Amino acid sequence: MIDDLWDRNLDPRVERTKQRPLASRRLSTRVGAIPAIVSLLAAWGLAQFLTPLGYWLCVAAVPVIVLYPGAKRVFPVPQLVLAIAWGFSVLISWAAVQGELTWAAIALWAATLFWALGFDTVYALADREDDIQVGIQSSARFFGDLAPLAIAACYLLTSLFLAWTGALLNLHPLFWLAWGGATGLWVYQSWRLREPLPRAIYSQLFAENVSIGLLVLTGFWLGAWLL
C-alpha cells in the first residue's frame, strides 16, 4: 500500500498498474493511507514479542520499506532496495528463533537478496518501455540488453547461496532434491529470457517464482525435519 501511495500519480501512466485502486482513483489517498498506518501499527505490536535483535532489525527495515518506492525516482537499480527489504524477513525471523545471526542466516539472506533482485528484474522487463516514457528507474533499464544475463547471474548466485545454507545446516538429502529442482527451473527461466518476450510472459515468469519458492521452502522443511 505504501508503494501505491507513492506511485498514485505514476501508476496511471503504466499499462500494468493503471487499474490499481489509487491509480484509477477508486480509492482516495486518505482511505489508502489507513491500511498502511494500521499495518505499521500491527507490525510494531508484533515486534514487541521478538528478541531484542529481532526488534531492532524490524526498526532498521522500516526506512528501507518506506523509502523503496522513492528509490525508483533517483536510484538506477531500485530493485536492489526492494531486495534488501525482502532480506530483512530472513534476518528478523532467524533472530526471533535463534537470538543471533549465524553464517547460515547470512547465506540465506544473500540467497534471498539475489533471488528478489532477479525475479523483480523479470517483473521490470514487462514495464521497461512504460518506465522509459515516464522516467522511472529500474534494473531492467539499467542492465539494458544485458538484463537476461544479469537475471541469470542473480539466479546462479541464489542457487549457490542456498547450497551454502544447506551445507552449513547439514540438511537431509531431500533438501538437495528440492534445490536441484529449483535450480533447474531458474535455468529454464534464464534460457527463455534470452530473447525478447511479450509482457504477459514476463509476468508469468515472475509469478512462477512463487511455486519455485514453495519448492525451496518444502526442501528446507523436509531437510530439517528428517535430520
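Visitor: How far does helix α4 (residues 78-98) reach from its first C-alpha to its last?
Guide: This is a predicted model in which local features need pLDDT of at least 70, side-chain atom pairs count only at pLDDT 80 or more, and totals for chains, interfaces and linings use all residues. Residues are numbered from 1 along each chain as its sequence is written, and side-chain values use heavy atoms, with hydrogens and water left out. Helices (H or I, at least four residues) and strands (E, at least two) are DSSP runs numbered from the N terminus, and the expected span of a helix is 1.5 Å times one less than its number of residues. For the 21 residues of α4 the expected value is 30 Å, and the reach is close to it, at 31 Å.

Visitor: Which residue follows α4?
Guide: The residue has a positive phi, near 80 degrees. It is Gly99.

Visitor: How are α3 and α4 oriented relative to each other?
Guide: Axes are lines fitted to C-alpha atoms, for helices over the stretch in contact, and angles run from 0 to 180 degrees between N-to-C directions. The axes of α3 (residues 52-74) and α4 come within 9 Å and cross at roughly 165 degrees. Angles under 35 degrees count as roughly parallel, over 145 as roughly antiparallel, 65 to 115 as roughly perpendicular and the rest as oblique. Therefore α3 and α4 are roughly antiparallel.

Visitor: How many nonpolar residues does the contact of α3 with α4 have?
Guide: The contact (heavy atoms within 4.5 Å) includes Leu57, Ala61 and Tyr68 of α3 and Val81, Phe88 and Leu91 of α4. Ala, Val, Leu, Ile, Met, Phe, Trp, Tyr, Cys and Pro count as nonpolar, Asp, Glu, Lys and Arg as charged, and the others, Gly among them, as polar. Beside 1 polar and 1 charged residue, the nonpolar count is 18.

Visitor: Is Asn170 buried or exposed?
Guide: Asn170 lies in the loop between α7 (147-169) and α8 (173-192), and its phi is positive, near 55 degrees. Buried means under 20% relative accessible area, exposed over 50%, partly exposed in between (1.4 Å probe, protein chains only). At 56% relative accessibility, Asn170 counts as exposed.

Visitor: Which helices are included in what covers the buried residues of α9?
Guide: Among the buried residues of α9 are Tyr202, Leu205, Ile212, Val216 and Phe220. Their cover includes α5 (103-134), α7 and α8.

Visitor: What share of the 227 residues in the protein is buried?
Guide: The secondary structure comes to 9 helices and 0 strands. Of the 227 residues, the buried share is 42%.
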